[in-house]
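This report is intended for a reader meeting the structure for the first time. Please consult the sequence and the three-dimensional view alongside the text.

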Amino acid sequence: MQVQSTQISFEKWRAIFSDFFQSLDKYSSIYKHLHQYPDLPCQESRTASYVAGHLDSLGYKVQRNIGGHGVIGILSNGDGKTVLLRSELDALPMEEDTGLPYASKEKQVDADGYTKPVMHACGHDMHMASLLGAADLLKRTKDAWSGTVVCVFQPNEERLLGAKAMIEDGLFDKIPLPDIVLGQHAVPTRAGTIGTRPGRVLGFLDSLDVRVYGKSTHSSTPELGIDPILMASCINSRLQMVASREIAFMEPCTITCGYFHGGTDASIIPDFADFKVDIRSFNEEVQRTAVEAVKRIIEMECRAANSPKSPRILTSTSCPPIDNDEEATATFKNALLSFYGDDAPGKIIEMDLDITADDFVLLGHPPDKTPIPYVYWNYAKKNGTLRDLPFNHNAKFAAEIEPSAGIEGLAIASVTFLDS
C-alpha cells in the first residue's frame, strides 16, 4: 500500500495547536499519576481503566479488554483516512531509585510467582500521557481535519506478546482498517527533539527460557551431585563468545542473560537452575546463526557437565525488526520540518539505529490482509548525553515532565495522514 505524499503547510497547524492546547499541566499530572502507579505486563487492569476512562471523557468510542487489558479508542470524524496511534500500558519489575516525589512504591506478583517492585523505566508512562494528550488535541481540532483516529493502548509490550494477543483477539475486526500505523518511543537525548529514520530502525529479538538439570546434594558433598548453578554459569560465560567468535565484527549482535535463578539455600546444590537469554541483531542470517549457536552451546555444556537429562529450551518471544515505510517516513519528516519552520534544525534529528525490539511492527501486518505502512520514531525524554543519562530499563530512568514533543509528534503525524 502506498502513502500519498502531502504538501500541506503546517503554518495553520501551529496556530491551531497553540490555540487549542496552550497548557500541558493536565498531561504532566497524568504522567505523574501513571508513573506513580505502574502495572506489570498482563496485570495492567488499573492502568487500562485509567486510560479508558480518560478516552471516554474525551468522547472516543472505547473498547476494553482486547488481548488482555488492551484498550481501543475510536474517534470517527467524517470521510477520510484512518490512522492508528499506539502506546504501551505496562511497566517493568524494577525497584525505582529516582528519588522523585511521585516515584513508584508499587509491588506486584509477577508471572513467575515472585513479588517484585514495579517501575515505569521505559517511558511507557510518558507514551500514554502523550497519546492521551494527542487524542485530546485531535478531538478539539476536529473541525480542521476529517477521517478516523484509532488509539491503541497495548498490554504486555515489555515481553513483546501484547500486539500479537490483541490481533488474535480480533483487533482488526473491531476497528476500521488503518491506512497508516504510527508509534513513538522516548529515549535519552536532547529534550524536545524528534528523531526519524526510513527503513530499518529496530532489530530482531529471540528470547529463550532455559532450565538446566543437575542432581541435588549437600553443599559439603558436591562429588555426589551435579551442580546446575555451575553448569548455567559456564553456559552464560561461553555464550559471550558467540558474538566475538562466530559473528562478523561489522554485524551488531548482543546475547544477554538478564534472569538467573537456582536453589533455595547455600547448603543445597539444587536439581535445576533457570535463566533467560535475549539474542538481538539487525540481520536475519546473523540472528539465525546466533540463536543456533546459543542452543548448541547450552546443549553441549549440559552434556559436558554430565547433566542427567537434556536442557529445556523454550522460545518465549520472537520479534521481527521494524522497517519504517520510506515514503511515509519522508512525508512525516517533511511535515515536521514545515511545522517547526526555523526551529526545525534544532528539533528534528536523525534517529539512531537501535538493536532493541518492539512488537509495534505486528500492528502493520493484519492477518490475511495487505501490510499497512507504518512509521516509528524516537523523541527525547530528558536533556543530557547518553553517558550522563540513565538509559531505558535503569532504576534511575525518568522522563522530563514536559510531554509536548510526544503530543506534538503524534498530532502532527495524525493530521499529516488524515484529510485536512
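## Helix α8

In this predicted model, the exposed residues R303 and A304 lie on the face of α8 that is turned away from its buried side. The buried residues of α8 are V286, Q287, A290, V291, A293, V294, I297, I298, E301 and C302. Around the axis they cover an arc of only 160°, which places them on the same side of α8. An α-helix has 3.6 residues a turn, so residues three or four places apart point the same way.

The cover over the buried residues of α8 includes the helix α7 (228-245) and the strands β10 (204-213), β12 (253-262), β14 (272-281) and β15 (312-319). Helix α8 itself comprises the 21 residues 284-304; at 1.5 Å a residue it should span 30 Å, and this agrees with its end C-alpha atoms, which are 30 Å apart.

## Confidence of the model

The average pLDDT of the protein chain is 93, and 94% of the residues score at least 70. Over residues 1-7, however, the pLDDT is below 50; this stretch has 15 contacts in the model beyond near neighbours in sequence. Where pLDDT is low, the predicted coordinates should not be read in detail.

## The eight-stranded sheet

An open sheet is formed by 8 strands in the order β1-β2-β6-β3-β7-β18-β8-β17, and its pairing is mixed. At its edges are β1 (61-66) and β17 (348-350), each of which pairs on one side only. From one strand to the next, the twist averages 25°.

Two helices may be described together with this sheet. Helix α3 (residues 45-57) packs on the sheet and touches β1, β2 and β6, with its direction at about 165° to that of β1. Helix α4 (residues 124-140) also packs on the sheet, where it touches β2, β3 (82-88), β6, β7 (180-187) and β18 (374-380); the direction of α4 makes about 150° with that of β3.

## Strand β2 and its partners

Strands of a sheet pair through backbone hydrogen bonds, either parallel or antiparallel. Strand β2 (residues 70-77) pairs with strand β6 (residues 147-154) in the antiparallel sense, over 7 bridges. Within this pairing, I72 stands opposite V152 in β6, and S76 stands opposite T148 in β6. Because 7 of the 8 residues of β2 are buried, the strand is largely enclosed by the rest of the structure.

The pairing of β1 with β2 is likewise antiparallel, over 4 bridges. I66 faces G70 in β2 as its opposite residue. Together β1 and β2 form a hairpin with 3 residues between them, and G67 in the turn has a positive phi of about 65°.

## Helix α3

The 13 residues of α3 should span 18 Å at 1.5 Å a residue, in agreement with the 18 Å between its end C-alpha atoms. Its buried residues are T47, A48, V51, A52, H54 and L55. Viewed down the axis of α3, these buried residues fall within an arc of 160°, so they line one face of the helix.

Against what does this buried set pack? The buried residues of α3 pack against α2 (25-36), β1, β2, α4 and β6. After α3 comes G59, which has a positive phi near 95°.

## Residue L89

L89 belongs to the loop between β3 and β4 (107-109). With a relative accessibility of 0%, L89 counts as buried, since buried means under 20%. Leaving aside residues up to four places away in sequence, L89 touches E44, T47, A48, V51, H69, G70, H120, M128, F153, Q154 and P155. L89 and P367 are separated by 278 residues in sequence and by 23 Å in space, C-alpha to C-alpha.

## Two asparagines with positive phi

N65 is not a glycine, yet its phi is positive, near 55°. This residue is located in strand β1, and at 51% relative accessibility N65 counts as exposed.

N156 likewise has a positive phi, of about 50°, although it is not a glycine. N156 is located in the loop between β6 and α5 (162-168). Is N156 buried or exposed? At 8% relative accessibility, N156 counts as buried.

Methods: Residues are numbered from 1 along each chain as its sequence is written. This is a predicted model: local features need pLDDT of at least 70, side-chain atom pairs count only at pLDDT 80 or more; totals for chains, interfaces and linings use all residues. Side-chain values use heavy atoms; hydrogens and water are left out. Two strands pair if DSSP finds at least two bridges between them. Axes are lines fitted to C-alpha atoms, for helices over the stretch in contact, and angles run from 0 to 180 degrees between N-to-C directions. Contact means heavy atoms within 4.5 Å. The expected span of a helix is 1.5 Å times one less than its number of residues. Buried means under 20% relative accessible area, exposed over 50%, partly exposed in between (1.4 Å probe, protein chains only). The arc is that of the directions from the helix axis to the C-beta atoms. pLDDT is the predictor's confidence in each residue, from 0 to 100.
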